[in-house]
Amino acid sequence: MNRPEILSYIDANKDRFLEELFELLRIPSVSADPAFKDDVQRCALVVKESLLKAGADMAEIHQTAGHPIVYAERTIDPSKPTVLVYGHYDVQPADPVDLWDSPPFEPVVKDGKIYARGACDDKGQMYMHVKAFEIMERSGGLPCNVKFMIEGEEEVGSSNLAIWVKENKEKLKADVILVSDTSIIANDVPSITVGLRGLSYVEVEVTGPNKDLHSGVYGGGVANPVNVLCEMIASLQDENHHITIEGFYDDVEEVSAEDRAEMAKAPFDIEAYRKGLGVASTRSESGYSPSEGTSIRPSLDVNGIWGGYIGQGAKTVLPSKAYAKISMRLVPYQDPNDITRKFESHFKKIAPPSVKIKVTPHHGGEPIVIPTNFPGYVAASKAMEESFGTRPIPERSGGSIPIIALFEKELGLKSILLGFGLNSDDIHSPNEHYGIFNYLKGIETIPLFYKHFTAES
Ligand code: BES
Ligand code: MN
Ligand code: MN
């Protein structure tokens, strides 16, 4: 399809495109919390119906041990290429709800942005594909075949989708995977994500005395597990913000000076970055800029830490236990299982004899890098150049979508990460939002991708 035709369809239908997205956003499809199980099912049903209505030949819901997968197809000609669209309809929990300016599951538009949990991650971005498909279908402009695989467990690790993909390789045969679940640099600086970090996520439990103690009677004589945990965590990074776990950097890809210079050309306003986050200064590994620290270098962060008395007022107690949830973002060619093992043995090694340590691994995922010299990338670049009016910059992102590496391994397919969010959209945070500009720009760009991909293949 050509751009003017796409734009006039969008113009005539944009209110409906928004209203339909709002319907999805009103469903609290929180995958992590069993209390929302029925809402997740209901959301899958709405996604399935939307695909049928847009013109799919078939759409089905596949139940899994967890939340369902929505699958749909439209075949126009088996000799033409096939695009496999991946996205997720599940969302992160809305907590802390009292920090939202409006209820998380009652979408509102403010300053040209849609505010709701999932507006950007990923309902808004996933639904762009349904509407782009509708446009191509209704205008007779669908140039190739398309399959949709929309899951309900991305935010909890995609473990059931991984099983389903392995069992359905034939069904999922395609030429490229198309995903909108990432960001662009700015609305006037389009970019295509060519790297995602991997993830190792662990929970640690530190046990001191066999019960909570009076902090006056025992304090000074017995190791406090909260104090010990803080010391241990502090020692995981040295004064250069280098991670101290033995062997942690063994497999880290050293990006060449040329590649780093190329990456540094992407505009990055450090002043605006600081201001937007309310921090007086940034902090990254010595020798690396903040954008490098969040893309080509691994990182380690405490995501949550607790123990002892956290209620009102002061209770004097020397707690028996302390806990933390720690994430490590990984880069090529670090292996999440290897890193988890290294973390565990290091953490046990540095523990003083006064405490016992338990490490529990959670879901993880492999990092991925996507080349810029294959038909999928070329098509995505041309599509964005046409819709934005400037050529997109390839950029590595700090986030993770673990299933992308599995797609490559199991299906032999590369993914195109054609995201339209902004890093400032507050995904996973209170007041998540997605620009109407971004939503409509995505809907405009996707049919152009199909056109160029069909021509390039
Ligand atoms: N869409 C995000 C990942 C993302 C966000 C990539 C922004 C690039 C830019 C995805 O839904 C997500 O949140 N992934 C999780 C990992 C998952 C295992 C819970 C993440 O990155 O924390
Ligand atoms: Mn996402
Ligand atoms: Mn997410």
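This briefing covers a surface patch, a pocket and a cavity. The model is predicted. Its second largest pocket holds about 500 Å³ of space. The structure has 1 cavity of 30 Å³ or more.

**Surface patch**
- Phe 268, Ile 270, Tyr 273, Leu 277 and Val 279 form a nonpolar surface patch of about 410 Å².
- Phe 268 sits in the loop that runs between α6 (257-263) and α7 (270-277).
- The relative accessible area of Phe 268 is 37%. Phe 268 therefore counts as partly exposed, since that class spans the values between buried, under 20%, and exposed, over 50%.

**Second largest pocket**
- The lining of this pocket comprises 23 residues. Those nearest the pocket centre are Val 194, Met 263, Val 369, Ile 370 and Arg 396.
- Two or more lining residues come from each of α6, β14 (368-369), β15 (393-396) and α11 (403-411).
- β15 gives the largest share of the lining, with 4 residues.
- By class, 13 of the lining residues are nonpolar, 8 are charged and 2 are polar.

**Largest cavity**
- The cavity lining divides into 5 nonpolar, 3 polar and 2 charged residues.

Conventions. Residues numbered from 1 in each chain as written. Chains lettered and ligands numbered in written order. Predicted model: local features only at pLDDT ≥ 70, side-chain atom pairs only at ≥ 80, totals over all residues. Heavy atoms only, no water. Patch = residues over 30% accessible without salt bridge, like charges linked within 9 Å, V, L, I, M, F, W, Y side chains within 5 Å. Areas by Shrake-Rupley, 256 points an atom, 1.4 Å probe, with all protein chains shown as cover. Salt bridge = Lys/Arg side-chain N within 4 Å of Asp/Glu carboxyl O. Buried < 20%, exposed > 50% of the residue type's maximum accessible area, 1.4 Å probe, protein only. 1 Å grid on protein atoms, 1.4 Å probe; cavity = no way out; pocket = protein on both sides within 12 Å on 5 of 7 lines; lining within 4 Å. Points joined across faces, edges and corners; volume = space filled by probe spheres on them. Nonpolar A, V, L, I, M, F, W, Y, C, P; charged D, E, K, R; others polar.
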